[in-house]
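Subject: Handing over a structure

Dear colleague,

I am passing on a structure that you have not seen before, and below it I describe what was found. Please keep the model open while you read.

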Amino acid sequence: MHFALLGYGKMGRAIEALAPSRGHDIAVRIDNQTDWMEQIDALRQCDIAIDFSQPDVAVDNIMKCFNIGMPIVVGTTGWYDQLDDVVHDCKSRGQSLFVASNFSIGMNIMFDLNRRLAALMNRYDAYDVSICEAHHIHKLDAPSGTAITLANDIIERLDRKEEWQLAATLHPDQQPAATPAEQPVPDSAVAITSVRQGEVPGTHTVTYDSDIDTIAITHSAKSRKGLALGAILAAEYLSTHRGYHTMTDLLSE
């Protein structure tokens, strides 16, 4: 297939490097509004678009693809407050959209473990749950979309949790004065701590802590290759499936 990359940052380049090994090529790279104006005709000749852009332009990119009937895979996070409206638009207009907060197969296995563990821990009130996520300093949104997915899955299964809250965004590479103090989080909320340091590809830890012991599950990405592969697999899946899809659909097959 001929891919169009919407956003040509580190993830875009990782997809570009891996695509030929699966028989695909990158025909178009769009990274700003000038690119959109100059390459829209070339974009129409592509088979599918893959978006790893920025939260503030992701929805606009999706709508531009809908307007030309272009299927689109979206890995950008930080715009999910508009997800319901975008999904409704996708379905009502007969378009094709694949959205995931994390395309790593390993991370999606952790999603499953997280759901099962939360259901089990619902019986044990002595444990409080929290999430810590670490990413590179270039990531703009905090907490990560992956951490929010983990938190929402916990909230659905843990009766004592009603919401999630960002407890702190830490920047260990900066001076201590630039690191905000941790915010108090009520007992009814899942506390999420975000760390932005160096070039960390992504680490997520869910911790259940009590007075007598601690239980934790962690996924640590070693590189962006797993995310790039997952995005390409999603594009291959979406090429034969219309409508709105997620990693749950892909992994079920």
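Arg224 touches Lys10, Met11, Ala14, His136 and Glu199, leaving aside residues up to four places away in sequence, where contact means heavy atoms within 4.5 Å. This is a predicted model, in which local features need pLDDT of at least 70 and side-chain atom pairs count only at pLDDT 80 or more, while totals for chains, interfaces and linings use all residues. Residues are numbered from 1 along each chain as its sequence is written, and side-chain values use heavy atoms, with hydrogens and water left out.

Arg224 itself sits in the loop between β10 (214-220) and α7 (225-238); helices (H or I, at least four residues) and strands (E, at least two) are DSSP runs, numbered from the N terminus. Arg224 is buried and yet has no salt bridge, the nearest side chain of opposite charge being Glu199, 4.0 Å away. Here buried means under 20% relative accessible area, exposed over 50%, and partly exposed in between, with a 1.4 Å probe and protein chains only. A salt bridge is a side-chain nitrogen of Lys or Arg within 4 Å of a carboxyl oxygen of Asp or Glu, and for charge Lys and Arg count as positive and Asp and Glu as negative, with His and the chain ends not counted.

As for the overall fold, the protein chain has 8 helices and 11 strands. Its radius of gyration is 19 Å, close to the 18 Å that the globule rule gives for 253 residues, so the chain is as compact as a globular protein of that length; the radius is taken over C-alpha atoms, and the rule is 2.2 Å times the number of residues to the power 0.38. The C-alpha trace spans about 60 × 40 × 35 Å along its principal axes, and 48% of the 253 residues count as buried. Among contacts with a separation of 6 or more, 70% are between residues 24 or more positions apart.

The structure holds 14 salt bridges. One of them joins Asp128 and Lys161, with the closest N and O atoms 2.6 Å apart. Asp128 lies in strand β6 and Lys161 in the loop between α6 and β7 (163-170), so the pair ties together parts that are 33 residues apart in sequence. Asp128 is partly exposed, with a relative accessible area of 42%, whereas Lys161 is buried at 3%. A salt bridge also links Asp141 and Lys139 (3.2 Å, N to O), and Asp141 counts as buried at 13% relative accessibility.

A cis peptide bond, with omega about 0°, joins Ala142 and Pro143. Most peptide bonds are trans. Pro143 is found in the loop between β6 (128-135) and α6 (145-157).

With regards
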